[in-house]
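Here is a short report on the model below.

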Amino acid sequence: MQKARGRFQIRRSDGAWFLFLPKRLTEDSGFPFEKGERVKVAFSEDALIARKFIQRIQCSFCLADDAAKLVRTNLDGTAHYICEKCDEEFDE
Ligand SMILES: [Zn+2]
């Protein structure tokens, strides 16, 4: 397990908080997330746990149900999917 110090730094007017993670942590070859990736977050006492959020939809190419996996959210807010059946990538 890699460790570093982060910080809850900015609180928006809607009440959302941001957690900043040090570059040396996020650039580690074992860091499991990509920029913009959605995560499921939970807390327990003094721990915060972020896990990969796997959202599946129907593929826009082969039309297979629940075959396209969300891989990231683009900067413009659209979601980027990869189909595990036909390997096509698309934004929605
Ligand atoms: Zn497909």
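## Overall build

Buried residues make up 4% of the 92 residues of the protein. The model is a predicted one. The protein has one helix and eight strands. Along the sequence they follow the pattern β-β-α-β-β-β-β-β-β. The radius of gyration is 16 Å, well over the 12 Å that the globule rule gives for 92 residues, so the protein is more spread out than a compact globule.

Taken along the principal axes, the C-alpha atoms fill a box of roughly 45 × 35 × 25 Å. Among contacts with a separation of 6 or more, 20% join residues 24 or more positions apart.

## Two domains

The domain assignment gives domain 1 as residues 7-52 and domain 2 as residues 56-91. Their centres, taken over C-alpha atoms, are separated by 23 Å. Four residues from domain 1 and four residues from domain 2 take part in the contact. On the domain 1 side, that contact has no nonpolar residues, one polar residue and three charged residues.

## Strands β5, β6 and β7

Strand β6 pairs with both β5 and β7. The pairing of β5 with β6 is antiparallel and has two bridges. Here R56 has K69 in β6 as its bridge partner.

The pairing of β6 with β7 (residues 79-83) is also antiparallel, over five bridges. R72 stands opposite H80 in β7. The two strands β6 and β7 form a hairpin, with five residues between them. In the turn, G77 has a positive phi of about 90 degrees.

## The loop residue A67

Where does A67 sit? A67 lies in the loop between β5 (56-57) and β6 (68-73).

Which residues does A67 touch, leaving aside neighbours within four places in sequence? The contacts of A67 are C59, C62, C83, E84 and K85. One of these, C83, falls within the residue range 79-83 of β7. A67 also lies 8.2 Å from I82, C-alpha to C-alpha, although A67 and I82 are 15 residues apart in sequence.

Note on methods. Residues numbered from 1 in each chain as written. Predicted model: local features only at pLDDT ≥ 70, side-chain atom pairs only at ≥ 80, totals over all residues. Domains from an automatic or database assignment. Contact = placed C-beta atoms within 7 Å. Nonpolar A, V, L, I, M, F, W, Y, C, P; charged D, E, K, R; others polar. Helix = DSSP H or I, 4+ residues; strand = E, 2+ residues; numbered from the N terminus. Pairing = 2+ DSSP bridges. Rg over C-alpha atoms; globule rule 2.2 N^0.38 Å. Buried ≥ 20, exposed ≤ 12 C-beta atoms within 10 Å, placed from the backbone.
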